[in-house]
Amino acid sequence: MAVVKATTCKEAIRRWEEENKQDPATAKEVVLSFQWLPIEKMDNSLACLTGCEKLSLSTNMIEKITGIGTLKNLKILSLSRNVVKSFSGLEPLGDTLEELWISYNYIEKMKGISAMRNLRALYMSNNLVRDWLEFSRLQELTNIRDLSFVGNPLYDSLEIDQWRLEVARRLPHLEKLDGEPIIRTEDNTCINQTMLIKNDGSSSNSKIPEEMP
């Protein structure tokens with residue numbers, strides 16, 4: 001019986017090119033999500049996406065981030081719903097990447113995230129971050145304005161009002177947390193927003209961004 005192999009990045013790009021009738025080298029947005037069989041490895045085939053500003057590799061089986069270090073125009077990257085375990089491999093994109101969608105993975109340590117100097121939005125709900133020591137690495141991201149962290153053990157260990165107040169204190173530039181705006185006083189103190197978050201009786205989780213639009 002023949003061995004069934006995972007889809008390669010090269011094959012996924014070829015499929016995308018045939019379906020979209022565009023040159024991958026000049027396309028600004030490339031979607032390689034939901035491949036069957038799933039992509040397991042990112043590789044140097046991705047280097048051909050030289051004009052890409054928005055790249056989605058979500059819903060595959062990718063474990064390590066590789067092969068995108070030369071994509072100097074990349075501003076938005078989605079790796080949601082994979083099996084990624086670390087931010088390693090993103091460092092070459094530190095000056096350009098503005099949004100990172102990486103929810104539903106297996107990230108426990110935040111090492112490497114500080115290299116993302118221009119990151120404005122980080123959507124990493126449902127990962128494995130457990131403590132404030134790891135979370136504190138986000139304090140080095142002075143441009144971050146939007147953060148999703150629901151479903152991490154650290155989030156689950158606190159009441160929602162305590163969580164929001166603590167995050168707002170640690171990240172004074174943050175404007176939106178878990179899909180809801182952070183309301184601050186003139187001295188930059190976060191207001192307890194429990195009633196505002198649930199003003200219609202529903203959970204704010206329905207508004208949390210998980211997949212790149």
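**Entry 1: Asn105**

In which loop is the place of Asn105? I found Asn105 in the loop between strand S4 (99-101) and strand S5 (121-123); helices (H or I, at least four residues) and strands (E, at least two) are DSSP runs, numbered from the N terminus.

Before going on, I noted that this is a predicted model, where local features need pLDDT of at least 70, side-chain atom pairs count only at pLDDT 80 or more, and totals for chains, interfaces and linings use all residues. I also noted that residues are numbered from 1 along each chain as its sequence is written, and that side-chain values use heavy atoms, with hydrogens and water left out.

Asn105 counts as buried, at 3% relative accessibility (buried is under 20% relative accessible area, exposed over 50%, partly exposed in between, with a 1.4 Å probe and protein chains only). I then looked for its polar contacts (pairs of N or O atoms within 3.5 Å; within protein, one must be able to donate a hydrogen and the other to accept it, and residues adjacent in sequence count only if both atoms are side-chain atoms). A polar atom of the Asn105 side chain lies 3.0 Å from the backbone oxygen of Leu79, and the Asn105 side chain reaches the backbone oxygen of Ile102 at 3.1 Å. Leaving out residues up to four places away in sequence, I listed what Asn105 touches, including Asn82, Val83, Val84, Asn126 and Asn127; contact means heavy atoms within 4.5 Å.

**Entry 2: Asn82**

Asn82 came up in that list, and I followed it. Asn82 sits in the loop between strand S3 (76-78) and S4, and it is buried, with a relative accessible area of 5%. What does the side chain of Asn82 reach at 2.9 Å? I found the backbone nitrogen of Ile62 there. The backbone nitrogen of Met61 lies 3.2 Å from a polar atom of the Asn82 side chain. Not counting residues up to four places away in sequence, Asn82 touches residues including Leu57, Thr59, Tyr104 and Asn105.

**Entry 3: helix H1**

Next I checked the length of H1 (9-20). At 1.5 Å a residue, its twelve residues should span 16 Å, and the end C-alpha atoms are 16 Å apart, which agrees (the expected span is 1.5 Å times one less than the number of residues). Cys9, Ala12, Ile13 and Trp16 are buried in H1. They cover an arc of only 100° around the axis, which puts them on the same side of H1; the arc is that of the directions from the helix axis to the C-beta atoms. A reminder to myself: an α-helix has 3.6 residues a turn, so residues three or four places apart point the same way. Strand S1 (29-31) is included in what covers the buried residues of H1.

After H1 comes Lys21, with a positive phi near 55°. Lys21 lies in the loop between H1 and S1 and counts as exposed, at 71% relative accessibility. Its side chain reaches the backbone oxygen of Glu18 at 3.1 Å.

**Entry 4: the core**

Which residues touch the most other members of the largest nonpolar core? I found Leu55 and Leu122, in a core of 55 residues (a nonpolar core is a set of buried Ala, Val, Leu, Ile, Met, Phe, Trp, Tyr and Cys residues joined through side-chain atoms within 4.5 Å). Helix H1, helix H3 (153-156) and helix H4 (160-170) each supply at least two residues of this core. Domain 1 (1-83) and domain 2 (112-187) both give residues to this core, so it lies between them; the domain bounds come from an automatic or database domain assignment. Leaving aside neighbours within four places in sequence, Leu122 is in contact with residues including Leu100, Ile113, Leu138 and Leu147.

**Entry 5: backbone details**

A cis peptide bond joins Trp36 and Leu37, with omega about 0°. Leu37 lies in the loop between S1 and strand S2 (54-56).

Asn126 is not a glycine, yet I found a positive phi of about 55°. Asn126 lies in the loop between S5 and helix H2 (132-135) and counts as partly exposed, at 25% relative accessibility.

Asp178 also has a positive phi of about 55° without being a glycine. Is Asp178 buried or exposed? Asp178 is buried, with a relative accessible area of 3%, in the loop between strand S7 (176-177) and strand S8 (180-181).

**Entry 6: the whole chain**

To finish, I counted five helices and eight strands in the protein chain. Buried residues make up 46% of its 213 residues.
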